[in-house]
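Let's take a friendly walk through the side-chain packing of a model. Please keep the viewer open as you read.

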Amino acid sequence: QVQLVEYGGGLVQAGGSLRLSCAASGLTFNTYAMGWFRQAPGKERELEREFVAAISWSGGTTYCADSVKGRFTISRDNAKNTVYLQMNSLKPEDTAVYYCAARRSYLGNSYYTNPTDYIHWGQGTLVTVSS
């Protein structure tokens, strides 16, 4: 059974930093592309999750949404079955529940930005940025 568990959310002041982690189990991690999405308070549907960042299974290709480019960095450690999201220069508009997601990928450089591309999801971790 595939399980994704996010860690590292919390309350931070604007301009601060947080690092989110997502630990995966029940899958061959180095064959899965990973992504981070977020869902602002009041939005319930999975399709309303906003793409944040994605990384190929090899880790060789990454992509971030324009809204976070230059502030957020996605990375992975395949030996630890973990994907990370380093968030710097946080803004109040970054406040959301952050989810990690996984999907099997056969191409080492492929990444995915649409929530419907992903099969497995974590339970989410809340990030609150105060002004």
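How many aromatic pairs does the count come to? The count is eight aromatic pairs, where rings of Phe, Tyr and Trp (its six-membered ring) pair if their centres lie within 6.5 Å, and planes under 30 degrees apart count as stacked, over 60 as edge-to-face and the rest as tilted. Before going on, please note that this is a predicted model, in which local features need pLDDT of at least 70 and side-chain atom pairs count only at pLDDT 80 or more, while totals for chains, interfaces and linings use all residues. Residues are numbered from 1 along each chain as its sequence is written, and side-chain values use heavy atoms, with hydrogens and water left out.

**Aromatic rings**

| Pair | Centre to centre | Angle between planes | Class |
|---|---|---|---|
| Tyr63 and Tyr111 | 5.3 Å | 15° | stacked |
| Tyr118 and Trp121 | 6.2 Å | 65° | edge-to-face |

Tyr63 belongs to strand β6 (residues 62-64) and Tyr111 to the loop between β9 and β10 (120-121), so their pairing ties together parts 48 residues apart in sequence; strands here are DSSP runs (E, at least two residues), numbered from the N terminus. Tyr63 is partly exposed at a relative accessible area of 32%, and Tyr111 is partly exposed at 32%. Tyr118 and Trp121, by contrast, are buried. For these terms, buried means under 20% relative accessible area, exposed over 50%, and partly exposed in between (1.4 Å probe, protein chains only).

Two arginines sit over rings (CZ within 6 Å of the ring centre and within 35 degrees of the ring normal). Arg49 lies over the face of Trp121, 4.7 Å from the ring centre, and the charged end of Arg76 is over Phe29, 4.3 Å from the centre of that ring.

**Core and cysteines**

Met34 is one of the residues that touch the most other members of the largest nonpolar core, which has 38 residues. Such a core is a set of buried Ala, Val, Leu, Ile, Met, Phe, Trp, Tyr and Cys residues joined through side-chain atoms within 4.5 Å. Its largest share, six residues, comes from β9.

A disulfide (sulfur atoms within 2.5 Å) joins Cys22 to Cys100, with S to S at 1.9 Å. Cys22 lies in β3 (residues 18-25) and Cys100 in β9 (residues 96-104), so the link ties together parts 78 residues apart in sequence. Cys64 is in no disulfide, and the nearest cysteine sulfur, that of Cys100, is 15 Å away.

Definitions and conventions
Helix = DSSP H or I, 4+ residues; strand = E, 2+ residues; numbered from the N terminus.
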